[in-house]
Amino acid sequence: MNLQGGCFCGAVRYTVKGDIFNSTLCHCTDCRRISGAPALAWFSARRADFRFTQGEPRRFASSEHVLRSFCSQCGTTLTFEDARWPEELDIASASLDDPEQAPPGDHTFVRSRLSWVKPNDGLPEYPTTRSAGN
């Protein structure tokens, strides 16, 4: 797979070469606040398969193990890195040139989902992470 994406204003661009996995629609409070949306779609890739091709995003630690990146010019959310999984990188699906290439495969952190968000897509739902399994 060869995916291209970037921020709204075009200052930051990236490419993903290789397989993607763990596509999700995350309903956690942090993702909602970062995006200003009721949920945030992510997919994962091997860190070795991802690279910025234009510009460099700003980064900040949003929690103890987590580093997030965004465009410093337009604010687009781009990536999520968790130090506990150093080989993986999560990329905001809607920042792809063609987000249809990475549709969500499940819903995570549904315990935090807003009451007025009522998906009826039949995808698996997890109260927290899929690895927690519940």
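Start by selecting Trp-42: at 4% relative accessibility it counts as buried, where buried means under 20% relative accessible area, exposed over 50% and partly exposed in between, using a 1.4 Å probe and protein chains only. A note before you go on: this is a predicted model, in which local features need pLDDT of at least 70, side-chain atom pairs count only at pLDDT 80 or more, and totals for chains, interfaces and linings use all residues. Residues are numbered from 1 along each chain as its sequence is written, and side-chain values use heavy atoms, with hydrogens and water left out.

The structure holds four aromatic pairs; rings of Phe, Tyr and Trp (its six-membered ring) pair if their centres lie within 6.5 Å, with planes under 30 degrees apart counted as stacked, over 60 as edge-to-face and the rest as tilted. Trp-42 and Phe-80 make a tilted pair, because their planes sit at 55°, with the ring centres 5.8 Å apart. Trp-42 belongs to strand S4 (residues 40-46) and Phe-80 to strand S8 (residues 77-82), so the pair links parts of the chain that are 38 residues apart. Strands here are DSSP runs (E, at least two residues), numbered from the N terminus.

While you're on the rings, pick Tyr-14, Phe-50 and Phe-52: ring pairs link these residues into a cluster.

Next, go to cartoon view and colour the sheet. Seven strands form an open sheet with mixed pairing, in the order S6-S7-S8-S9-S4-S3-S10. Its edge strands are S6 (58-63) and S10, each pairing on one side only. Two strands count as paired if DSSP finds at least two bridges between them. Strands of a sheet pair through backbone hydrogen bonds, either parallel or antiparallel.

Which way do S8 and S9 pair? Zoom in on S8 and strand S9 (residues 88-92): the pairing is antiparallel, over two bridges. Phe-80 shows up again here, standing opposite Asp-90 in S9.

Select Asn-22, in strand S3 (residues 20-26): it is not a glycine, yet has a positive phi of about 55°. Asn-22 counts as partly exposed, at 32% relative accessibility.

Then jump to Phe-109, in the segment after strand S10 (107-108). Phi of Phe-109 is near 55°, again a positive value in a residue other than glycine. At 22% relative accessibility, Phe-109 counts as partly exposed.

Notes:
Helices (H or I, at least four residues) and strands (E, at least two) are DSSP runs, numbered from the N terminus.
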